[in-house]
Amino acid sequence: MGALPVFRWRLAPDGYATRRQLRARGLRPGGQDVAAQLERPRRRRGPLVAYLYRVDLAKPVRPMTPARRAALAKANRARRLCPSCRRDAGYVIPASLGMCTPCAFPEPSLRSA
């Protein structure tokens with residue numbers, strides 16, 4: 001395979017789409033190779049690159065089965081569980097903290113003066 005065709009930002013021809021654009025249409029790349037790329041120039045760094053796939057070769061997104069839905073719910077519950085206090089935090093635990101906010105920043109005990 002030769003070099004990929006490169007298009008400037010917002011100037012890609014019809015028939016190409018990014019992964020997100022495919023997903024919005026209910027499609028997935030389906031094993032096809034990257035067909036082209038977009039480049040968005042930036043001032044002080046290298047260009048932003050987005051890979052494009054051919055829409056005519058894309059396949060429909062696989063349907064969500066009950067087993068996959070249950071596995072996803074279980075994984076999301078695990079992300080909400082604080083490893084320190086073992087409680088459901090009610091939000092996804094930030095990876096930067098590794099624990100819920102009350103465990104990461106405990107209230108200083110009130111001292112009577």
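This is a predicted model: local features need pLDDT of at least 70, side-chain atom pairs count only at pLDDT 80 or more; totals for chains, interfaces and linings use all residues.
Residues are numbered from 1 along each chain as its sequence is written, and side-chain values use heavy atoms, with hydrogens and water left out.

The protein chain holds 3 helices and 6 strands, and from the N terminus on these elements follow the order β-β-α-β-β-β-β-α-α; helices (H or I, at least four residues) and strands (E, at least two) are DSSP runs. Among the contacts with a separation of 6 or more, 49% join residues 24 or more positions apart, where contact means heavy atoms within 4.5 Å.

| Property of the protein chain | Value |
|---|---|
| Radius of gyration (over C-alpha atoms) | 23 Å |
| Span of the C-alpha trace along its principal axes | about 75 × 45 × 25 Å |
| Accessible surface (Shrake-Rupley method, 1.4 Å probe) | about 9300 Å² |

A compact globule of 113 residues would have a radius of gyration near 13 Å, by the rule of 2.2 Å times the number of residues to the power 0.38. Of the 113 residues, 15% count as buried, meaning under 20% relative accessible area with a 1.4 Å probe, and 53% of the accessible surface belongs to carbon and sulfur atoms.

The largest pocket contains about 190 Å³ of space, a volume being the space filled by probe spheres set on the grid points. A pocket is an open set of points on a 1 Å grid, where a 1.4 Å probe fits, with protein on both sides within 12 Å along at least five of seven lines, and its lining residues have an atom within 4 Å of a point. Residues that line the largest pocket include W9, R10, D14, Y16 and L52.

Methods:
Buried means under 20% relative accessible area, exposed over 50%, partly exposed in between (1.4 Å probe, protein chains only).
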